[in-house]
Amino acid sequence: MDEKIVATRNLLVTPELPAINETNSSIRYIEHGASSAQATWHCHKEVELHLVVASSGRFFIGDYIGRYQPGHLVLTGANLPHIWIADPDSNDQSVASALKIKVLNFNGDMFEAASEQVSEFKDIVNLVRTGGAGHEFHPRDVTIYTRLYERIAATEGLEKMIAFLELMNNLVTEKKISLSTARDWQDFAGPTLRVVNKAIDFILMNYGEKIRLEDVAQHVRISPNRLSKFFFESTGIKYIDFLIKVRISKACEQLKTSHNQITKICYDSGFTNVSNFNRHFLRIKGMTPKQYRDQATLRLG
């Protein structure tokens, strides 16, 4: 069992949504501290733009799993399940109140309606539409977004909207990658998401061991068939595919940060067969583990 993941989840038990400037504004500004970072697998009808200020860890958006760090900027579409899980060493208790993530929460439909009268909104509409399965941006200058988030937090009314539109106008010109491959998300009921969130916790704590769907179902106390249905509906992929993606994600971390042999990384990540590990790695990452490590070394060099 990965004690680090257990420790991380214990730190992120209680979601906190301390809203700033809580008014009838079309844009809701939210800050997450060290104890939250959206601690549950959840979705909502609003679009969100997340800017990581501090902390690092792993994020899940639909069927996508990746790493985040300061400067990370991600758009999550309406009804798209997501979760941010901080690394334990980025949740230093001595700075427990430190700001970790800034979030802009808004209804994407407002741009659709406005674009019928204001054609200049069409680029923003397209960005929100295509971001339905999640976008990760690579800003040319992240300080621009930091300042705009601060303006949005500190202002009200038209001035707040102007700052928000300036931010979105900058965003449409940035390089981005689409994240989740599944598209047909629904607004799931609370009990379903709670079951899936508990299942994800169990997978993160036990990915290095042999865990079957039946083991996870027993942990969350529902039938394997029902869990399989819930899992596919809320993540867009089957349980076994999600487990493989988690294991590949852990392998990527080790390939980038350790000098361990690839065979050891294979077994540490929960795979029991090296050829099987290589096959899945190539399918998901489009390259071999060695090629991935070589590229990571070049980027860090």
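So, two strands count as paired when DSSP finds at least two bridges between them. Strands themselves are DSSP runs of E with at least two residues, helices are runs of H or I with at least four residues, and both are numbered from the N terminus. With that in hand, look at strand 3 and strand 6 (residues 73–76): they pair in the antiparallel sense over four bridges.

Quick housekeeping. This is a predicted model, where local features need pLDDT of at least 70 and side-chain atom pairs count only at pLDDT 80 or more, while totals for chains, interfaces and linings use all residues. Residues are numbered from 1 along each chain as its sequence is written, and side-chain values use heavy atoms, with hydrogens and water left out.

The overall picture, then. The chain has twelve helices and ten strands. Out of 301 residues, 49% count as buried, and buried here means under 20% relative accessible area, with exposed over 50% and partly exposed in between, using a 1.4 Å probe and protein chains only. If you take contacts with a separation of 6 or more, residues 24 or more positions apart account for 70% of them; a contact means heavy atoms within 4.5 Å.

Back to strand 3, residues 47–52. Six of its six residues are buried, so the strand is largely enclosed by the rest of the structure. Val47, Leu49 and Leu51 point one way, Glu48, His50 and Val52 point the other way, and all are buried. Glu48 sits opposite Thr76 of strand 6. There is also strand 8 (residues 101–106), which runs antiparallel to strand 3 and is joined to it by six bridges. In that pairing, Val47 has Phe106 as its bridge partner.

What is the order of its three strands? It goes 5-4-7, with antiparallel pairing. Strand 5 (64–68) and strand 7 (82–86) are the edge strands, each pairing on one side only. On average, neighbouring strands here are turned by 20 degrees against each other, direction ignored. For angles like that, axes are lines fitted to C-alpha atoms, for helices over the stretch in contact, and the angles run from 0 to 180 degrees between N-to-C directions.

Strand 4, residues 57–61, pairs with strand 7 over five bridges, antiparallel. Across that pairing, Phe60 is partnered with Ile83, and Gly57 stands opposite Ala86. On the strand 5 side there are five bridges as well, again antiparallel, and there Ile61 faces Tyr64. The hairpin of strand 4 and strand 5 has two residues between the strands, and Gly62 takes a positive phi near 55 degrees in it. Is strand 4 mostly covered or mostly open? Mostly covered: five of its five residues are buried.

Now a helix pair. Two packed helices are described by the angle between their axes and the distance between the axes. For helix 3 (residues 122–130) and helix 5 (residues 157–171), the axes come within 9 Å and cross at roughly 70 degrees. The two are therefore roughly perpendicular to each other; the cut-offs are under 35 degrees for roughly parallel, over 145 for roughly antiparallel, 65 to 115 for roughly perpendicular, and oblique for the rest. Helix 3 brings Ile124, Leu127 and Val128 to the contact, and helix 5 brings Leu165, Met168, Asn169 and Leu171.

Last thing, backbone angles. Most residues other than glycine have a negative phi. Asn79, in the loop between strand 6 and strand 7, has a positive phi of about 60 degrees although it is not a glycine. Arg221 also has a positive phi, near 65 degrees, and is placed in the loop between helix 7 (213–220) and helix 8 (224–235). Arg221 is exposed, at a relative accessible area of 75%.
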